[in-house]
Amino acid sequence: MSVVERRPAGVSSGGASGAVEPAGRRAAAVGTLLAIGSAATFGLSGPTAKSLLEAGWSPLTVTLLRIGGGAVVLLVPTLVLLARSGGPRVAGWRTTVLYGVTSIAGVQLGFYNAVQTLTVGVAMLVEYLAPVLLLGWTWWRTGRRPGSTCLVGAGTALVGLVLVIDLTGGVAVDPVGLAWAFFAACCLASYFALSAHAGDRVHPVVMAGAGSAVGAVTLAVVGALGVLPLHVGSQRVRFAGLETSWLVPAAVVVLVATVAAYLTGIAAVQRLGSRVASFVGLTEALFAVVF
């Protein structure tokens with residue numbers, strides 16, 4: 001998979017100043033707002049899913065509930081768009097399948113397994129190595145060294161994460177948990193890369209809907225083969241300080257932290273490019289702390 005940074009619409013390729021046309025500035029502004037909205041909705045997933053995990057639900061079950069529920073919600077609009085367009089070409093389908101396996105199923109499965117043995121702060125810090133991994137991958141693939149400002153920004157972002165996320169007191173450093181978190185980081189890097197390069201091949205709704213279906217099938221196979229445990233816990237959970245039905249956090253994690261998060265995220269990356277969107281995505285840590 002070649003990861004070459006897309007140039008958002010309206011950005012001039014000539015001139016030392018890299019001037020941005022008015023249309024480009026508008027696209028960047030909209031893209032930034034979408035990226036922040038996506039980070040906010042993604043940030044809600046951890047605290048929401050935690051209520052189910054603490055009630056005895058396995059990480060694989062929570063992930064399958066989230067991704068499978070998203071696929072169901074997006075089924076009708078996805079089918080309508082496929083009928084109108086005739087469906088993506090072969091390259092578009094390859095991108096969508098890879099997106100579903102890595103960017104949807106892989107990220108969530110890696111993170112939820114990581115928080116079983118790591119604190120949420122440590123797991124999130126490792127997962128958000130993704131922008132740095134993406135930067136390094138692009139450097140290796142293209143042979144073009146990122147600018148000093150970009151490298152300094154990457155370092156600053158990581159330092160900021162350490163300061164924002166609570167890493168104090170009894171931090172567990174379980175090697176299995178770290179491996180899951182790093183797996184999530186690699187899959188998160190693929191999320192930004194694939195989203196940036198699918199704009200001309202796959203409609204965002206189709207990519208999110210079909211990708212969720214692929215991700216759900218992948219998780220179901222993992223559970224059926226017994227690779228990871230697949231079991232449901234208590235029907236009553238503690239959510240937002242109240243005892244309620246499991247349907248409440250399930251609805252939030254499906255509708256907000258999955259459907260809304262992925263749709264806004266794909267649209268943001270296609271306007272900003274994978275590199276910029278990945279660093280704006282770091283604000284997810286801030287929203288997770290607030291939630």
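**View A. Helix 9 and helix 11 pack at an angle of about 60°, with their axes 8 Å apart.** The model shown here is predicted. Helix 9 and helix 11 are therefore oblique to each other, and their crossing is right-handed. On the side of helix 9, the contact is formed by Tyr191, Phe192, Ser195 and Ala196, while helix 11 contributes Ala261, Tyr262, Gly265, Ile266, Val269 and Gln270. Sorted by class, the residues of this contact are seven nonpolar and three polar, with no charged residue.

**View B. Helix 6 (residues 120–127) packs against helix 9 (residues 175–196) at an angle of about 40°.** The axes of helix 6 and helix 9 lie 7 Å apart. The angle makes helix 6 oblique to helix 9, and helix 6 passes helix 9 in a right-handed crossing. The contact of helix 6 with helix 9 comprises nine nonpolar residues and one charged residue, but no polar ones.

**View C. The largest pocket holds about 620 Å³ of space.** Of the 37 residues that line the largest pocket, Phe111, Val120, Met124, Glu284 and Ala288 are the closest to its centre. At least two lining residues come from each of helix 1 (22–43), helix 2 (45–54), helix 5 (90–114), helix 6, helix 9, helix 11 (247–272) and helix 13 (284–290). The lining of the largest pocket consists of 23 nonpolar, nine polar and five charged residues.

How values were computed. Residues numbered from 1 in each chain as written. Predicted model: local features only at pLDDT ≥ 70, side-chain atom pairs only at ≥ 80, totals over all residues. Heavy atoms only, no water. Axes fitted to C-alpha atoms, helices over the stretch in contact; angles between N-to-C directions. Helix = DSSP H or I, 4+ residues; strand = E, 2+ residues; numbered from the N terminus. Parallel < 35°, antiparallel > 145°, perpendicular 65-115°, else oblique. Left-handed = near helix turned anticlockwise from the far one by under 90°. Nonpolar A, V, L, I, M, F, W, Y, C, P; charged D, E, K, R; others polar. 1 Å grid on protein atoms, 1.4 Å probe; cavity = no way out; pocket = protein on both sides within 12 Å on 5 of 7 lines; lining within 4 Å. Points joined across faces, edges and corners; volume = space filled by probe spheres on them. Contact = heavy atoms within 4.5 Å.
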